[in-house]
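Open the structure in your viewer and keep the selection tool at hand. Each stop below says what to select and what is there.

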Amino acid sequence: MYRRQRHIYDLTRKFYLLGRDELIADLSPPAQGTVLEIACGTGRNLIRAARAYPEARFFGLDVSEEMLATARANIAAAGMSGRIALAAGDATAFDPQALFGVPAFDRVFVSYALSMIPAWEKAAGEAAARLAPGGRLMVVDFGDQGGWPRWFRHALRGWLTKFHVTPRVALAPTLARLAAERGLRFDFRPLYRRYAFLAAVSAN
Ligand SMILES: C[S@@+](CC[C@H](N)C(=O)[O-])C[C@H]1O[C@@H](n2cnc3c(N)ncnc32)[C@H](O)[C@@H]1O
């Protein structure tokens, strides 16, 4: 799907993958901390996060070799190849030790990917399982658009379906359950009249 789209991906997604910069602003990894983006796409978020947190180390995982090739080129063009490592892997089952030589991360984030992954609850569980002690998982994705008129919700859902995207209306309760199972805290912020959901599972 991304063979052609990846070349115009960041330009076209800028206007509707809302909340990504809010997530990056809230990441605040510890100094020398480790940050993993699951389903990193073109590397857009990793590059911005690496600029925002110059002492942290960044890792990106994606199932699409095409997207990873674009991410690699973007990261090199940004002069960040020494700070951002990439690997191919499936969000629903991956071994970060084998891929990156890192068993767990201070921050793990997933941006506009759970809405594309059929086994998204499994992917969310995998993400939470990769947290280092004291770590934080952050997720941004399409919300339920509850504050928007019905015609807008219908138009958006129809359009997203063409890209195999399904807003996960159960995102909040699913992440809340994951947090409760691990004795972690759950924070949830609807954005732009519930266009998007920004959620965090963390130790404090
Ligand atoms: C809508 S893009 C979002 C990219 C990036 N996170 C962002 O916010 O710009 C979704 C990404 O999820 C990746 N993806 C889909 N299913 C995946 C899976 N099972 N494991 C890992 N990545 C996956 C796609 O290849 C694509 O790069």
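In which loop is Gln-32 found? Select the loop between α3 (20–27) and β1 (34–38), where Gln-32 sits. Helices here are DSSP runs of H or I, at least four residues, and strands are runs of E, at least two, numbered from the N terminus.

A note before moving on. This is a predicted model: local features need pLDDT of at least 70, side-chain atom pairs count only at pLDDT 80 or more, and totals for chains, interfaces and linings use all residues. Residues are numbered from 1 along each chain as its sequence is written, and side-chain values use heavy atoms, with hydrogens and water left out.

**Stop 1: Gln-32.** Check its backbone. Gln-32 is not a glycine, yet its phi is positive, about 60°. Gln-32 counts as exposed because its relative accessibility is 57%. The classes are buried under 20% relative accessible area, exposed over 50%, and partly exposed in between (1.4 Å probe, protein chains only).

**Stop 2: α5.** Select residues 65–77, the 13 residues of helix α5. The expected span is 1.5 Å times one less than the number of residues. Now color Met-67, Leu-68, Thr-70, Ala-71 and Ile-75: these are buried. They lie on the same side of α5, because they cover an arc of only 160° around the axis. That arc is taken from the directions from the helix axis to the C-beta atoms. Step just past α5 to Gly-79, which has a positive phi of about 70°.

**Stop 3: α7 against α9.** Select residues 120–129 (α7) and 171–181 (α9). The two helices pack at an angle of about 40°, axes 11 Å apart. Axes are lines fitted to C-alpha atoms over the stretch in contact, and angles run from 0 to 180 degrees between N-to-C directions. Show side chains: Trp-120, Glu-121, Ala-124, Gly-125 and Ala-128 in α7 meet Leu-171, Thr-174, Leu-175 and Leu-178 in α9. Contact means heavy atoms within 4.5 Å.

**Stop 4: Trp-120.** Stay in α7 and center on Trp-120. Its relative accessibility is 8%, so Trp-120 counts as buried. Leaving out residues up to four places away in sequence, Trp-120 touches Leu-114, Arg-168, Ala-170, Leu-171 and Thr-174.

**Stop 5: Arg-193.** Finish in the loop between β6 (185–191) and β7 (196–202), where Arg-193 lies. Arg-193 is a residue other than glycine with a positive phi, near 55°.
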